[in-house]
Amino acid sequence: MTDESYIQLALEIAKKGIGEVSPNPLVGCILVKNDRIIGAGYHQKFGANHAEINAFENAKEPVEGGTLFVNLEPCTHYGKTPPCVDQIIEKKIKRVVIGTLDMNPLISGTGVKKLKSAGIEVKVGVLEKECLNLNKFFFKYITKKIPYVSLKAAQTLDGRIADSHGRSQWISSVESRKFVHKLRANYDAVLVGAGTVEKDNPSLTVRLTDGRNPKRIVLDSAFNLKTDKKLFTRNGDHKTLLVTSKYNENRRKVKKLESAGVKVIYAKEDNDGNLNLKSVLRELANNNIASVLVEGGSRVFSSFIRSGLYDDIFLFISPKIAGNGIPVVENVGVRNIKRTLNVKIKNYERVGDDLMLLLEK
C-alpha cells in the first residue's frame, strides 16, 4: 500500500469520533511494519487518549522501527493528555507520515520539528486537502475562536420557506429531512431563533437516522419565549442553551429555565437591540461549541448572511410554487444588483424530490 492509502485509512477511522471528540479534532492513526498493519487507533472521546496512544495500545507486536501514519500533526503540549510526540519518540518509531499540520498555535509545526530533531524521518502533506476538510470545524474554532457555521434552509422553487401564515411543514421531502437529521448528528449544536420556536415548537433532535443529539441553541434577545416549549420541557439531556441579552434578564425566569437544565448565556446587543452575532458565536465557543448548524428562521438566516458570519449553506429546493409566503432571505442590505452577495456552488445533488445545493461564501 502507498502512503496515500494509509492516510486514507487513517481518515476513515478518524470519522468514528464524529460527535464524541469536539472541540478536539478528529484523528486516526495507523501503525505499519514490514508492509503490514500492526496497530490502529482513533481519538474516541474528548479528554480521552489521542489516536496515536490508542494505536500503540492496540499494536499486535513491538512497534520499534515501524512507520506511523496520522491525518493530523501529533501534539507536543500537555492538555488533558500527555504529548503524543514524546510517546512516538519513546517507542522508537522510524518514520512518521502526516496528512496536515495542526493549525493550533500551541502545536503548528512544533511536532514535526521535535520528531525530526529526534532523528525520525517525517513526511507532511499527504492527502492534505482531505485532511483539512475533515477537521474544518476544529481549524475554524481553534484559529478564529468562534464555531464553524453552516446555514440550512428548505425553500419552494419561488424562494419561500413558509406560507403567508408561517406554516412550513413540509416543504421538503422525507429524504431531505433524513439528510438534515444526519447533518444534525455531525454538528455540536443546532441553532434557531425565537420566532421558529414560537411558530413550530421544534424538538431539534436526531430522529430519522442514527446519531447523537446535538446541543440546541435558541436566540431570544427579548427573552420573551414561554418556558413551556419542548426545547425547555424535554431537556432531560441538559443540551438546550438559551442566548439572550443581559439587558432583558429576568432572574425568576432564568431560575425556572435552569431548574429544567437549560443553560442561559448572555451576548452583547447591536445598535438595533438585537443580539450581536459575533458576540453570540464567541460565547458559544467559550462553551466548547466548535460547529453550529443554523436552521432558521428567515430573520436569523438573513442576519447571518448579512453579517457574513457563516461558512457554507445547505439549500434544499423543493419543486413546489407557493406564491405568497415568507422568503428564505429578507433584507441583507443589497440596494443594487451589481452589489449582490455572491456564493459558490461547491456541490449539488438530488435528494428525494428536492435539489440540494452546498454553497460556500
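In this predicted model, Lys140 has a relative accessibility of 16% and therefore counts as buried, the cut-off being under 20%. The side chain of Lys140 meets that of Asp311 in a salt bridge, with an N to O distance of 2.7 Å. Because Lys140 belongs to helix H6 whereas Asp311 lies in the loop between helix H12 (298-307) and S13, this pair ties together parts that are 171 residues apart in sequence. Asp311 likewise counts as buried, at 19% relative accessibility.

Helix H6 (residues 136-144) also contributes Lys136, which is paired with Asp312 of strand S13 (residues 312-317), the two residues being 176 apart in the chain. The closest N and O atoms of the salt bridge between Asp312 and Lys136 are separated by 3.8 Å. Asp312 is buried, its relative accessible area being 2%, while Lys136, at 25% relative accessibility, counts as partly exposed.

A further salt bridge is formed by Arg216 and Asp237, for which the closest N and O atoms lie 2.6 Å apart. This pair links distant parts of the chain, with Arg216 placed in strand S9 (residues 215-219) and Asp237 in the loop between helix H9 (230-233) and strand S10 (240-245), 21 residues apart. Arg216 is buried at a relative accessible area of 2%, whereas Asp237 counts as partly exposed at 36% relative accessibility. In total, 14 salt bridges are found in the structure.

Terms used:
Residues numbered from 1 in each chain as written. Predicted model: local features only at pLDDT ≥ 70, side-chain atom pairs only at ≥ 80, totals over all residues. Heavy atoms only, no water. Salt bridge = Lys/Arg side-chain N within 4 Å of Asp/Glu carboxyl O. Helix = DSSP H or I, 4+ residues; strand = E, 2+ residues; numbered from the N terminus. Buried < 20%, exposed > 50% of the residue type's maximum accessible area, 1.4 Å probe, protein only.
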